[in-house]
Amino acid sequence: MVKKADFEAPVLGDYTEVPAVTPGAMQHSQPYVAKPAHNEALGYPGELVDNWQEVAVNKLGELVKGSRALRVYLDSCVKCGACTDKCHYFLGTGDPNNMPVARQDLLRSVYRRHYTVAGKYLPKLVGAKDLDEEMLDNWYKYFHQCSQCRRCSVYCPYGIDTAEVSMAAREIMDTIGKGQKYCNEIIGKVHKLGNNLGLPEPALADTLEGLEEDVEEEINVAVKFPLDVKGAEVLLVTPSADFFAEPHIDGLIGYAKVFHQAGISWTLSSHASEAANFGLFIGSVDNMQKVAMRIREAALELGVKRIVFGECGHAWRVGYSFLNTLAGPFDFLDSNYPVPQHIVEVTHDLIEQGRLKMDASANDDKRVTFHDSCNVARASRMGAKSGGQFSLPRDVIKASCNHFFDMPADTIGEATFCCGGGGGLLTDDLVELRVKGAKPRMQALKDVHEQHRITHMAAICAICKSQFSKVLPYYGFEMDQIISVHQLVGDALVFNSDS
Ligand code: SF4
Ligand code: SF4
């Protein structure tokens with residue numbers, strides 16, 4: 001049973017309305033601040049340093065010098081307003097600081113004050129502001145009300161990416177010793193033990209052994225969940241939530257069934273037992289690289305030929321867009337396959353080659369829609385064709401079930417709404433924000449449910465799955481209406497007992 005928090009969940013109407021602007025509506029919302037040990041494990045000062053204003057301003061200067069994109073984002077906004085009603089957190093809360101342009105301005109105003117001539121001499125005229133305690137307080141609150149989903153950038157005529165601004169602000173805050181507990185504690189666990197959960201190798205091995213027994217009992221086929229097997233063809237790197245959480249674990253079972261039926265040898269790694277890379281959320285290339293290097297080290301140690309990522313949205317962004325830069329070259333892998341590949345690409349290829357025996361009617365008890373996850377939709381691709389990140393998951397779902405219906409067009413694909421829990425916000429101290437930020441997606445789900453009697457929403461992101469399990473009940477849905485795409489696949493695969 002999900003415990004409901006002390007606030008009113010938004011009521012869903014007939015269509016998504018732009019809310020009345022309510023200044024300060026989410027001024028009370030902020031995540032727990034990291035403890036000294038959490039910050040220090042990542043190479044940051046444990047607590048707010050004495051000369052924090054000076055350090056922060058210097059760091060901002062360093063960031064704009066090192067990233068032409070960030071400088072352009074901070075320089076080029078013309079206040080056209082096109083982004084103002086595009087953020088799910090503004091739509092769910094009405095707080096004007098959750099309009100993307102206002103969020104950017106929190107950083108932009110300090111940038112202008114220190115790094116533009118007009119801001120130095122005529123600050124009021126150009127909206128330049130000092131970085132004082134009130135400003136830092138607003139940075140901490142409102143840059144932790146951005147899930148870095150990039151939806152606003154799709155509608156901005158200049159392509160200004162608030163996610164990058166938000167990452168920069170978080171990196172500056174880490175640099176002065178004001179990190180966020182949830183992200184920093186998790187990254188520390190990955191550095192120490194290899195996964196977000198802090199799950200040691202024996203516990204992981206036990207979990208996988210238990211899964212083997214469960215699956216064999218259910219389908220009478222000895223599907224393996226191998227760990228640290230040298231010489232396997234594929235290294236599967238998957239979010240650690242896949243090892244224990246619902247509905248994630250059914251996705252992991254689905255991947256294992258796919259590999260088993262296709263006769264592809266594979267292994268998980270206890271060294272790289274996490275696909276997620278929260279270094280992205282705090283804007284830290286150093287931490288992102290340290291996490292990514294574990295994948296390279298595991299691939300070399302195990303002597304695999306391919307690296308495949310499980311269902312995790314931001315992990316796929318890091319994998320697809322940055323893995324080669326962070327941890328390459330991967331010239332020791334099989335050059336016939338992209339580095340890395342997504343499990344959806346693997347399954348899609350196998351379906352096209354006729355190597356999977358599927359019976360979609362096994363899912364006839366379900367009427368399914370699909371939630372495009374932000375990082376997959378707007379920060380990566382799949383397959384060889386443009387838009388593959390939208391078509392491949394849908395092809396795989398349609399091969400696995402007979403009743404598929406999309407949500408309204410302006411809420412899917414490139415325009416998809418964030419689940420409300422991405423970007424390092426999937427923590428109970430932000431539950432109000434998460435529930436309210438989920439409103440646009442819940443509205444779209446309600447629409448498709450009313451039209452097509454949808455029973456389930458499938459996703460390929462561990463954060464989306466956890467977030468929806470939590471927030472669906474606030475909107476009158478059941479928490480188990482969110483499922484893994486590879487649960488549908490796994491349930492549709494046909495096995496003979498001698499397979
Ligand atoms: S990146 Fe997403 S969460 Fe952040 S301001 Fe833009 S729309 Fe909102
Ligand atoms: S859409 Fe772009 S240019 Fe227009 S206000 Fe928003 S960030 Fe500025």
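Which loop does P247 lie in? P247 sits in the loop between β1 (234-237) and α12 (248-262), and we'll get back to that spot below.

## Ground rules

What you have here is a predicted model, where local features need pLDDT of at least 70, side-chain atom pairs count only at pLDDT 80 or more, and totals for chains, interfaces and linings use all residues. Residues are numbered from 1 along each chain as its sequence is written, while chains are lettered from A and ligands numbered from 1 in the order in which they are written.

## The overall fold

The chain has 21 helices and 7 strands, both taken as DSSP runs numbered from the N terminus (helices are H or I with at least four residues, strands are E with at least two). Its radius of gyration is 23 Å, close to the 23 Å from the globule rule for 499 residues, so the chain is as compact as a globular protein of that length. That radius is taken over C-alpha atoms, and the rule is 2.2 Å times the number of residues to the power 0.38. Along the principal axes, the C-alpha atoms fill a box of roughly 80 × 50 × 40 Å.

Of the 499 residues, 53% are buried. Buried means 20 or more other C-beta atoms within 10 Å of the residue's own, exposed means 12 or fewer, and partly exposed is in between, with C-beta atoms placed from the backbone. Take the contacts between residues at least 6 apart in sequence: 79% of them join residues at least 24 apart. A contact here needs C-beta atoms, placed from the backbone, within 7 Å.

## Around the two ligands

Ligand 1 has 16 residues around it, and C87, P100, C146, C149 and C152 come nearest. To be near a molecule, a residue needs its C-beta atom, placed from the backbone, within 6 Å of it. Elements giving two or more residues to this shell are α5 (100-115), α8 (151-155) and α9, with the largest share, 3 residues, coming from α9. By class, the shell has 8 nonpolar, 4 polar and 4 charged residues.

For those classes, Ala, Val, Leu, Ile, Met, Phe, Trp, Tyr, Cys and Pro are nonpolar, Asp, Glu, Lys and Arg are charged, and the others, Gly among them, are polar. Around ligand 2 you'll find residues including C77, C80, C83, P100 and C156. That shell splits into 10 nonpolar, 1 polar and 1 charged.

## A helix crossing

Helix α3 (residues 68-75) and helix α9 (residues 162-175) have axes that come within 10 Å and cross at roughly 110 degrees. That makes α3 roughly perpendicular to α9. On the α3 side, the contact uses A69, L70 and Y73, and α9 brings E164, V165 and A168. Sorted by class, these residues are 5 nonpolar, no polar and 1 charged.

Most residues other than glycine have a negative phi, and most peptide bonds are trans. Back to P247: the peptide bond to it from E246 is cis, with omega near 5 degrees. Another cis bond joins G328 and P329, with omega about 0 degrees; P329 lies in the loop between α14 (313-327) and β4 (341-342).

R150 has a positive phi, near 70 degrees, and lies in the loop between α7 (133-142) and α8. It counts as buried because it has 22 C-beta neighbours inside 10 Å. N220 also has a positive phi, near 60 degrees, in the loop between α11 (201-219) and β1. With 12 C-beta neighbours inside 10 Å, N220 counts as exposed.

Technical notes
Two residues are in contact if their C-beta atoms, placed from the backbone, lie within 7 Å. Axes are lines fitted to C-alpha atoms, for helices over the stretch in contact, and angles run from 0 to 180 degrees between N-to-C directions. Angles under 35 degrees count as roughly parallel, over 145 as roughly antiparallel, 65 to 115 as roughly perpendicular and the rest as oblique.
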